[in-house]
Amino acid sequence: MSRLGYAISKITKITALGLIGLIVLLALGLSCKSSVPPKTVGLGYGMQVAPGTDYQRALRLLKEAGFTWTKVQLRWEELEMQKGVIQWNVIDPIVNEAKAQGVRLLLSVVTAPSWSRPTSEDLSAPGPPEDAKDYADFVSAILKRHKGKVAAIEVWNEQNLWYEWGGKGNKLNAAQYVDLLKTAYTAIKAADPNVVVVSGALTPTGVDDGDTAIDDVRYLDMMYAAGLKNYCDAIGAHPSGYNNPPDDTPTQATVISTGFKGHWSFYYRRFEQYWAVMERYGDGEKKLWFTEFGWASSTNPPAGYEYARDNSEEDQAKYLVRAFQLAQETEYVGVMFVWNLNFAPAAEPGDIYAKAAFSILRADWSSRPAYSSLKAMSK
């Protein structure tokens with residue numbers, strides 16, 4: 001918020017006409033609120049970091065690679081299990097260490113605690129709160145405690161997917177999400193107007209049944225129809241490559257592999273279709289932020305991630321670098337966060353969520369080719 005000017009008053013007494021005075025008021029933006037979002041200059045380089053696995057070391061490695069942004073996801077359900085009782089012993093070190101190391105911090109805040117969920121809801125799947133104000137209160141408390149230390153907030157994550165938005169049963173609802181975003185946006189700006197508010201990034205799945213998932217581009221259109229434009233500074237995206245090189249499209253395949261072909265969801269350049277939606281709604285001044293993107297590489301991937309066999313470690317490195325190069329050629333991509341830096345050391349047995357497959361470090365913290373290539377990449 002800024003004051004653009006102050007009214008200038010001048011009183012002129014015109015005695016010949018017998019008037020007491022004439023007041024001329026020139027109002028130059030009296031008490032106006034700036035609607036211009038915080039800006040990032042050029043492309044921003046970031047990585048998602050696991051904070052519970054030698055966070056200091058991870059941030060040092062991030063900086064050594066020439067990256068200046070980190071993303072940390074906060075699971076609200078684990079940090080405020082009782083209204084107003086916040087686990088600052090977890091949050092404070094995350095925020096303070098990023099500040100101490102000079103790394104800009106994006107916090108992705110997800111998963112409502114059970115006390116805030118509708119009483120009739122299936123709590124086995126993460127979901128939003130019944131009252132959006134509860135989420136806003138939590139985020140606002142973080143920013144008030146750490147004003148000036150958090151650069152950006154991503155409001156939720158992959159809300160077009162059933163297990164991120166309350167489970168199955170036709171729960172997916174873009175208007176409900178925008179209501180959450182609106183409430184959070186207002187609270188965030190009141191706590192720290194310099195924080196960049198990023199809309200929750202959608203996930204590309206190739207599914208559009210309205211129950212399991214809603215197509216990400218269609219959901220983005222639905223969010224805009226519900227008022228998205230007015231309640232964020234940047235649009236979150238998760239462009240995914242699966243087993244496809246970043247330049248490929250459904251009609252241009254340069255690598256022969258099976259599965260995850262044909263639908264635009266499976267191609268990194270899906271983000272170009274996001275941009276088309278933004279332009280259609282007159283929102284071209286905003287940036288697209290890739291709050292998660294990457295390629296999995298594994299010789300023994302977990303179920304559901306079999307495509308990772310198609311990507312060698314050298315492919316992973318080459319694809320990530322090329323992804324940055326393609327974004328550099330645009331004027332509308334803001335900050336890009338590689339998924340992920342150091343989740344391999346903390347991955348579950350069997351890597352059931354493919355955290356190690358996507359990681360650019362090994363479980364012993366040694367570098368995969370991707371880390372070395374990103375470090376050497378022109379920025």
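**Terms and values in this model**

Reader: Why is Asn 170 counted as exposed?

Author: Its relative accessibility is 57%, and exposed means over 50% relative accessible area, whereas buried means under 20% and partly exposed lies in between (1.4 Å probe, protein chains only); Asn 170 therefore counts as exposed. This is a predicted model, in which local features need pLDDT of at least 70 and side-chain atom pairs count only at pLDDT 80 or more, while totals for chains, interfaces and linings use all residues. Residues are numbered from 1 along each chain as its sequence is written, and side-chain values use heavy atoms, with hydrogens and water left out.

Reader: What makes Glu 158 count as buried?

Author: Glu 158 has 11% relative accessibility, so it falls below the limit for buried. Its phi is near 50°, a positive value in a residue other than glycine.

Reader: How do you know that β4 and β5 pair?

Author: Strands (E, at least two residues) and helices (H or I, at least four) are DSSP runs, numbered from the N terminus, and two strands pair if DSSP finds at least two bridges between them. Strands β4 (residues 69-75) and β5 (residues 104-110) have seven bridges in the parallel sense, so they meet that condition.

Reader: Which strand pairs with β5 over four bridges?

Author: That strand is β6 (residues 152-155), again in the parallel sense, with Leu 107 opposite Ile 153.

Reader: Why is the unit of β5, helix α4 and β6 called right-handed?

Author: A crossover is right-handed if, with the strands pointing away from the viewer, the path from the first strand over the helix to the second runs clockwise; β5, helix α4 (residues 132-145) and β6 make a β-α-β unit of this hand.
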